[in-house]
Amino acid sequence: MTIPDRTGADTTEVHEAWLPPEAFRAIGSRRVLVRGEGPLVETVREEVAGACARYGGAHGGDQHAHAGPYDLVLALTTAEPLPGVAAEVLAELRRLPDPTIGEQGFALARRDGVTVALADDPAGLLYGLFQVVRLGEAAFRAGRPVERHRPAMLRRMLDHWDNVDVHPVMGQVERGYAGGSIFWRDGAARGDLARVRAYARLLAACGVNAVAVNNVNVHATEAHLLTDRLGDVAAIADELRPYGIRVHLSVNFAAPVVLGGLPTADPLDEGVRAWWAAATAKVYATIPDFGGYVVKADSEGQPGPFAYGRSHADGANALAGALAPYGGVVHWRAFVYDHRQDWRDRSTDRARAAHDHFAPLDGRFGDNVILQVKHGPMDFQVREPVSPVIAAMPATRLAAELQVTQEYTGQQRHVCYLAPMWREVLGFRPWGPDGPAVADVVGGGGGLVGVSNAGDDPYWTGHPLAQANLYAFGRLAWAPGLDPAAILDEWIDLTFAPTATGEAEPLRRTLHAMMDDSWRTYERYTAPLGVGFMVRPGHHYGPDVDGYEYTPWGTYHFADRDGVGVDRTRATGTGFTGQYPPPWAEVYESLDRCPDELLLFFHHVPYGHVLHSGLTVVQHIYDSHFAGVEQVERLRRRWADAADAVPPALHARVAGLLDEQLRCALEWRDQINAYFFRKSGVPDARGRRIP
Ligand code: GCV
C-alpha cells in the first residue's frame, strides 16, 4: 500500500501489517454471497468484491449478482432462505444455544460444502468476515460445527495520546515510538486520511470498535477540537465509520472557561452544565455516531473538579448529563494522584491514590460514566499487582486501561510481547479462585481501553514486531481467555505466512522463540521483583536506579545498605494491602505468601531475604539480570534464522533494533547489579564480574 508521506509531497510504502492482500486469497478465490443492508454490510461487500477481483472468485448479493451456488455465505439473520444453505443449518445457526446471536457477534458453520457466517447486526457480519480471513483455507476445508462468537466486551477502545500541534517536550505523540500522528499534522487533521482508513481496517480485523483521537493531556489547540475545530474530528470519524469504529474525544475539564469564556467550570453550576449541553449538541449534530468524551481531571496538572471543591462524581456526571440524550459515554480516568509529594513523607503512597479517591464514590456515577482504571495501581510498569479499584466499585461501570505503547516496556526498540501480561491481568481473580476475573468485571461494565502504539511509521509501530501487541490488544478485548501464543500464531499467519518465501513453520518457531517469553525477559533485565520505576526520569528509557528516588512523583524503591522495597503492609507500612479484598489482602500482607514477582512492591526486605525460589533477593537480582541479557543475546541470534522468510527491509529494521535492545539490556544489567552490589556489599555467589 502506498500513501502520501508526512510532507504530502511524496509517497511512502506502508506495511500491510496483518492484512496483506494475500490474507484474502481463500475468500477471493471462491464464490461468495453477501446478504444484508447497511453501511457496514457495504464494507463487507467491498472487501469481498476486492478479494474476488484479485483472486478470480465471484460474488453475489448485489446487481452484479453471481447466481450461485456459493462456497461462502455472509448474511444478516433473515427469515428468507439462503441459497445453498440447508434449512436445518440455518435453524441451527440461529437457534443454538439461544435464539439470538448477540450484539456484534456472529455464528459460523460449514456444512454441505458451504461456509456460512450469520450475524444479527452489520458489525457482527464485519467481524464474521474477518474471522473467515483469519481461518483462511481452513474455513473451507472440512465441515465445521456451529460456533458462536460474541465479544466479551462491547466497547474495545484505543486511546491515542496524539497532539494536534507538536508539543515542545512530548512531541506529536506523547509516549509515541512510531513516528508522528496518523490523524494530525501541522496543527490540523492531515489532508489525506487514507492512512486512517487503512488503520480502521486493521483495527476492525482485530476487533477494536472505538478510538479516542487526541491526547488526554488536552493542550491549547487540542481543546478546540470540541468546538471550532470539530470539522477535523468529523473528517476522521468519516474514515473510521466504514469499519465500525466510533470516534471519542479527550476534552479539557475547564473547556467552559478556556473555550466558552465562562468564569467557572464548576460542574454544579447551571451555566457550566448548559455550556456542556450546547457544545455536546453541536458535536452530535456534526458527528451523529460520536462515542463520547475522555477526561483526565485533577491529574498531572490537568484541571478538574477539585478546584471547585467538587468530587470526581460531580465532575463526571456533569459531562455525562450532556452526553446522555445521545447515548454517548464519558470515560473518566481514575489516574489521580499527588505528583507533588514530599519524598521525605513516608505516609503518602501513590499506589493508594486511585482507590482512596474513587472507592468512596462507588454508586455515585451516572449510568453513562465509565471509570477508566489503569490495570495497576502505579503506572504501566513491567510488573504491578492488579489495581484494587477493580474490586472496590461494584456499582460503577469500570474499564481497564492497558498501555499498548511501550513507554515502560522498551519503547518499541525492545521486543516485548505484552499479551502474556495482559492475559494475567484480565484473568486475575480479585476475590480469589471462586470469584469473577478482571475480564468479567470490565466485560460487564466499560470494557477495555488501550493506549495505542501506532503512528505514521511505515511499519505502523516502529518495531515491526510491536504490531503483535496492537493485534493482541484487540483480540484479548474480544476474547480475554485467548492464549497469547495462539494470538501470536494468528498474527504471524496473517502477517507473514501468505507472503513468506518458503515454509511458514520455521518462521513461526523463530517468532515464538523470540516473543513468547519476551515480556518476562524484559522484566529480568530491568526492574526486579515488582519494584518498578528505575528508569530515566522524563523519557523513561534506560536505567536510572535513583532517578525518581528523591522526586515529588511518589515512585520510590527505598534501597539502602540493608535492603530494598516498599512496605505497603497494614502492619508496618502504608496500608495499601488493605485496599484488596480477601484473600489477596492477606496474601500480599504476608511476607511468606506474597508472590516473589511482587515482593518488593509490597515489602521492604533485607538483601538476604530468601525467596520462594530459594534464592536471596540480591542473588535473584544478579541472576535475573545476567539471564535477561543472555536471553536477549539468544533472541538476537535467533532472528538471523528469519532472514529468508521476511522481506529484507523488515529483517534489517528488526536486526538494528535488536542491537539496540542488547546494548540497552547490558546497560540495565550492569547498572542494576553494580548499584545493588555497592549498596549491599554482597558478592555474586557465582563470581561473575559486576562492574
Ligand atoms: C498522557 C504517565 C505518562 C504520561 C501520561 C500519563 C497518563 O504518567 O508518563 O505521559 O500522560 O501517564 O496516563 O495520563
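A residue is called buried when its relative accessible area is under 20%, exposed when it is over 50%, and partly exposed in between, using a 1.4 Å probe and the protein chains only. The structure discussed here is a predicted model, in which local features need pLDDT of at least 70 and side-chain atom pairs count only at pLDDT 80 or more, while totals for chains, interfaces and linings use all residues. Residues are numbered from 1 along each chain as its sequence is written, and side-chain values use heavy atoms, with hydrogens and water left out.

**Cysteines**

- Cysteine 594 counts as buried, because its relative accessibility is 0%.
- Cysteine 664 is also buried, with a relative accessible area of 2%.
- The structure holds zero disulfides, a disulfide being a pair of cysteine sulfur atoms within 2.5 Å.
- Cysteine 664 is accordingly in no disulfide, and the nearest cysteine sulfur, which belongs to cysteine 416, is 12 Å away.

**The ligand and its surroundings**

- The ligand is surrounded by 15 residues, each with a heavy atom within 4 Å of it, and the closest are Glu174, Lys296, Arg333, Lys374 and Glu407.
- By class, this shell has eight charged residues (Asp, Glu, Lys and Arg), four nonpolar ones (Ala, Val, Leu, Ile, Met, Phe, Trp, Tyr, Cys and Pro) and three polar ones (the others, Gly among them).
- An oxygen atom of the ligand lies 2.5 Å from an N or O atom in the side chain of glutamate 174, and the corresponding distance is 2.6 Å for glutamate 407 and 2.7 Å for arginine 333.
- Taken alone, the ligand exposes 340 Å², of which the protein buries 97%, with areas computed by the Shrake-Rupley method and a 1.4 Å probe.

**Helix α21**

- Glycine 681 follows α21 and has a positive phi, near 70 degrees.

**Two loop residues**

- Aspartate 456 is found in the loop between the strand β20 (447–451), strands being DSSP runs of E with at least two residues, and helix α14 (467–478).
- Aspartate 456 is buried, with a relative accessible area of 11%, and its side chain reaches the backbone nitrogen of glycine 180 at 2.7 Å.
- Glutamate 80, in the loop between β5 (72–76) and α3 (87–95), counts as partly exposed because its relative accessibility is 48%.

Notes
Polar contact = N/O pair within 3.5 Å; in protein donor to acceptor, adjacent residues only side chain to side chain. Helix = DSSP H or I, 4+ residues; strand = E, 2+ residues; numbered from the N terminus.
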